Amino acid sequence: VGCIPVRKFIMDTDVIKDMIYCTKNLNSSVLMYPEASYSFDGTATKLPRRLGVLFKSLNVPVVMITTYGSFARDPLYNNLQVRKVDVTADVKYLLSPEEIQAKTTDEIRQILTKEFTFDNWKWQQENHVKISEPFRADCLNRVLYKCQCCETEGKMVGKGTKISCSQCGASWNLTEYGTLESLTEEKNIKFTHVPDWFAWEREKVREEILNNSYKIEADVDIYMMVNM
């Protein structure tokens with residue numbers, strides 16, 4: 001059916017061999033999703049560092065397809081509730097074989113990092129994309145799980161157009177244009193942009209890991225996949 005199977009979370013050299021076979025022997029294009037994950041907070045994830053090495057091995061033109069509106073239409077946190085948002089796409093000739101061979105892998109990585117940098121919330125705001133669905137904040141606590149006011153985890157509730165903390169009572173409205181509007185002005189509000197709040201949560205996790213307070217103790221079953 002034209003699909004190349006990938007074993008995730010391990011070095012899978014067979015994937016590289018299959019891609020080379022497709023381009024060299026079959027004279028076929030290969031479609032990649034190099035970020036290899038859904039965007040949970042609507043921003044870019046880091047790309048594999050060795051994509052430049054792969055491009056040099058394949059030595060074929062690199063074309064980039066960028067979609068706009070897909071996250072706003074159906075974000076991962078919102079329980080698969082589809083909003084009325086148009087989805088468009090741009091196609092861009094990114095690198096020719098000659099450019100790939102002339103550039104270092106680090107230069108290629110810098111180009112890819114620049115091209116794959118995005119913020120879907122900011123895109124919505126800058127393009128005035130209105131999302132008026134009454135469920136737009138449903139389950140937003142899957143992303144914003146730590147209250148920015150009292151810093152309690154697991155007490156955030158996303159429902160309807162609002163997200164609130166059941167611990168301290170802080171509450172925000174998710175506007176039709178994707179910004180957070182405080183409904184409790186007396187609280188110490190740090191963030192009105194969802195990705196900024198999410199980045200703060202990640203930084204808090206990093207701090208907990210460094211001071212050895214981030215842990216869980218539980219019985220587990222360990223399985224091994226053999227001869228996949």
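## Two loop residues with positive phi

Leu-80 sits in the loop between helix 3 (70-73) and strand 2 (88-95). Helices here are DSSP runs of H or I with at least four residues, strands are E runs of at least two, and both are numbered from the N terminus. Phi of Leu-80 is near 60°, a positive value in a residue other than glycine. Leu-80 is also exposed, at a relative accessible area of 66%; exposed means over 50%, buried under 20% and partly exposed in between, using a 1.4 Å probe and protein chains only.

His-128 is another case: not a glycine, yet with a positive phi of about 50°. You'll find His-128 in the loop between helix 6 (120-126) and strand 3 (156-159). With a relative accessible area of 63%, His-128 counts as exposed.

## What kind of model this is

This is a predicted model, where local features need pLDDT of at least 70 and side-chain atom pairs count only at pLDDT 80 or more, while totals for chains, interfaces and linings use all residues. Residues are numbered from 1 along each chain as its sequence is written, and side-chain values use heavy atoms, leaving out hydrogens and water.

## The chain overall

The chain has seven helices and six strands, and reading along the sequence gives α-α-β-α-β-α-α-α-β-β-β-β-α. Its C-alpha atoms fill a box of roughly 65 × 50 × 35 Å along the principal axes.

Of the 228 residues, 34% count as buried. Among contacts (heavy atoms within 4.5 Å) with a separation of 6 or more, 57% are between residues 24 or more positions apart.

## Two nonpolar cores

A nonpolar core is a set of buried Ala, Val, Leu, Ile, Met, Phe, Trp, Tyr and Cys residues joined through side-chain atoms within 4.5 Å. The largest one has 20 residues, and Leu-140, Leu-144, Trp-172, Leu-180 and Trp-197 have the most contacts inside it. Strand 4 (162-165), strand 5 (171-174) and helix 7 (194-210) are the elements giving two or more residues to this core, and helix 7 gives the largest share, four residues.

Leaving aside neighbours within four places in sequence, Leu-180 touches a list of residues including Leu-140, Leu-144, Ile-163, Trp-172 and Trp-197. A second, separate core has 15 residues, among them Met-19, Leu-47, Leu-58 and Ile-100.

## Helix 2 against helix 5

Two packed helices are described by the angle between their axes and the distance between the axes. For helix 2 (residues 51-58) and helix 5 (residues 105-115), the axes come within 8 Å and cross at roughly 110°. So helix 2 is roughly perpendicular to helix 5, a label that covers 65 to 115 degrees. The axes are lines fitted to C-alpha atoms over the stretch in contact, with angles from 0 to 180 degrees between N-to-C directions.

On the helix 2 side, Leu-51, Gly-52, Val-53, Phe-55 and Lys-56 meet Thr-105, Ile-108 and Leu-112 of helix 5. Those residues split into five nonpolar, two polar and one charged; Ala, Val, Leu, Ile, Met, Phe, Trp, Tyr, Cys and Pro count as nonpolar, Asp, Glu, Lys and Arg as charged, and the others, Gly among them, as polar.

## Out by Pro-5

Pro-5 is in the segment before helix 1 (13-24), and is exposed at a relative accessible area of 63%. Beyond its neighbours within four places in sequence, Pro-5 is in contact with Asp-12 and Val-15.

Note on methods. Parallel < 35°, antiparallel > 145°, perpendicular 65-115°, else oblique.
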